[in-house]
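Hello,

Here is the structure I promised to pass on to you. Please have a look at it first, and then read on for my notes.

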Amino acid sequence: MIVQQLVFLVVLAAAVFLIRKRVVFIRNTINLGKAKDFSGTKRERLTNMLLVAFGQKKMFKKIIPAVLHLFIYIGFLVINLEVLEFVIDGVAGAHRIFAPWLGGFYSVLMNVFEFLAVAVLLACVFFLIRRNILKVPRFWSAEMGQWPRMDANLILITEIILMTAILTMNASDQILQTRDNHYVATGSLFFSSYLIPLFENLETTTLVVIERFAWWFHIIGILAFAVYVTYSKHLHIFLAFPTTYFANLEPKGHLSNMPVVTREVKSMLGLETGEAPAGETGRFGAKDVNDLTWTNLLAAYSCTECGRCTSECPANQTGKKLSPRKIMMDTRDRLETIGKTMARGGDGLNDGKTLLNDYITKEEINACTSCNACVEACPVLINPLEIIIELRRYVAMEESGSPAQWNSMFQNMETSFAPWKFSAADRFNWAKD
Ligand code: SF4
Ligand code: SF4
């Protein structure tokens, strides 16, 4: 038993080490972003987080996937209670350490876990079919290359195997309880009882091996899953909470002004300008990830790659190159590249590449109509439009690189206060008669 405990401690320590390393990596890249002023009170933001991240409010626009996703989510939260017992058993060299303490309630809990394990298993099978056989278009668009598709499938398959391991462990355990009084009584477990006929004719030693194998497989699988998640789009399981908490509470479609420009315009118009903003003006808009706010960068790691934003985007629907999901994926890819250089002691940002041009092209950002449909569609309140606007501000204000028609519109706005080339005095001539 002591050898098993030592092996378990080594595996647990390795998982904790790898997760911590990755958390530091992600935190360092998110910290590259600029500070942000938040709208709304803490209470409003907390309510938003509870409704959207915990309550999955925005998922329920499509009821069947929403219910199945809810099963996976609740399964993830509740089955983790069982993982707690696995960890304590592993460290203490015990077997079902909570059972004697909880008595009959342990049996109820195990049956709830099994119900959730079966629900998660069926939901994962449904999602695999939907992705790979029904080929829902948003999972097959251009930015969903080999890795993003494999990432989603890997997690679904892993969940199916892990849930099967729990049911196998419980089935063999139930038979062992009748043969060896070292095995703590769990009471009858509804779903795994259906698997008992598969195992009941096996020798006791074979059953012990199967039960132990399923136990080790499940706990190592869970720890490996926990490490893998930090590299995957499934990071949203955790990051959806801060992302929704810090989400914009401004009215929908509201675009933030640039304080320096607002001040400049007010001064031109002879209006009260207030105090000059502190610090240097810096760059107008965003060329690279460090010009975005840290909440934009956090959102990039929280994106589930579900594609709801892209399938609602009018630019994408009419064949333009723009995909708001790709905007978020590109931002995360850029952060990953910079983060790897930083982890080796380099600067990361001065590698001759930038988010604009090397990852996201002007053609993409110019196709955006600022309609806000992507923001409205996102189940975790991500705002790809904020990033697009900042990139466009850089192109317009630092490079004067907007399309020629836009530049003449900007000039008319500056001189005539309207997109057209009329003087302000002539604008209402049409209404005279
Ligand atoms: S705001 Fe831009 S990116 Fe978002 S849906 Fe509208 S056109 Fe597409
Ligand atoms: S931004 Fe939101 S809607 Fe778009 S792919 Fe990411 S999670 Fe889905």
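This is a predicted model: local features need pLDDT of at least 70, side-chain atom pairs count only at pLDDT 80 or more; totals for chains, interfaces and linings use all residues.

**Helix pairs**

Two packed helices are described by the angle between their axes and the distance between those axes, so I give both for each pair.

Let's begin with helix α1 (residues 2-30) and helix α9 (residues 204-229). Their axes come within 9 Å and cross at roughly 15°. With angles under 35 degrees counted as roughly parallel, that makes α1 roughly parallel to α9. The crossing of these two helices is left-handed. If you want to see where they touch, look on the α1 side for Val 11, Leu 12, Ala 15, Leu 18 and Ile 19, which meet Ile 220, Leu 223, Ala 226 and Val 227 of α9. In this contact, nine residues are nonpolar, with no polar and no charged ones.

Next come helix α10 (residues 236-245) and helix α12 (residues 294-302), whose axes come within 8 Å and cross at roughly 150°. Angles over 145 degrees count as roughly antiparallel, and α10 and α12 are therefore roughly antiparallel to each other. Here too the crossing is described as left-handed. From α10, the residues His 236, Leu 239, Ala 240, Pro 242 and Thr 243 meet Leu 298, Ala 299, Tyr 301 and Ser 302 in α12. This contact divides into six nonpolar residues, three polar and no charged.

**Two residues with positive phi**

Most residues other than glycine have a negative phi. Which values turn up at Arg 96 and Ser 400? Phi of Arg 96 is near 50°, while that of Ser 400 is about 45°; both values are positive, and neither residue is a glycine.

You will find Arg 96 in the loop between α3 (63-92) and α4 (99-102). Arg 96 counts as partly exposed because it has 17 C-beta neighbours inside 10 Å. Ser 400 sits in the loop between α19 (384-398) and α20 (404-416). With 9 other C-beta atoms within 10 Å, Ser 400 is exposed.

**A glutamate in α19**

One more residue to look up is Glu 386, in helix α19. Is Glu 386 buried or exposed? Glu 386 has 20 other C-beta atoms within 10 Å, so it is buried.

Note on methods. Residues are numbered from 1 along each chain as its sequence is written. Chains are lettered from A and ligands numbered from 1 in the order in which they are written. Helices (H or I, at least four residues) and strands (E, at least two) are DSSP runs, numbered from the N terminus. A residue is buried if 20 or more other C-beta atoms lie within 10 Å of its own, exposed if 12 or fewer, and partly exposed in between; C-beta atoms are placed from the backbone. Axes are lines fitted to C-alpha atoms, for helices over the stretch in contact, and angles run from 0 to 180 degrees between N-to-C directions. Angles under 35 degrees count as roughly parallel, over 145 as roughly antiparallel, 65 to 115 as roughly perpendicular and the rest as oblique. A crossing is left-handed if the near helix is turned anticlockwise from the far one by less than a right angle, and right-handed if clockwise. Two residues are in contact if their C-beta atoms, placed from the backbone, lie within 7 Å. Ala, Val, Leu, Ile, Met, Phe, Trp, Tyr, Cys and Pro count as nonpolar, Asp, Glu, Lys and Arg as charged, and the others, Gly among them, as polar.
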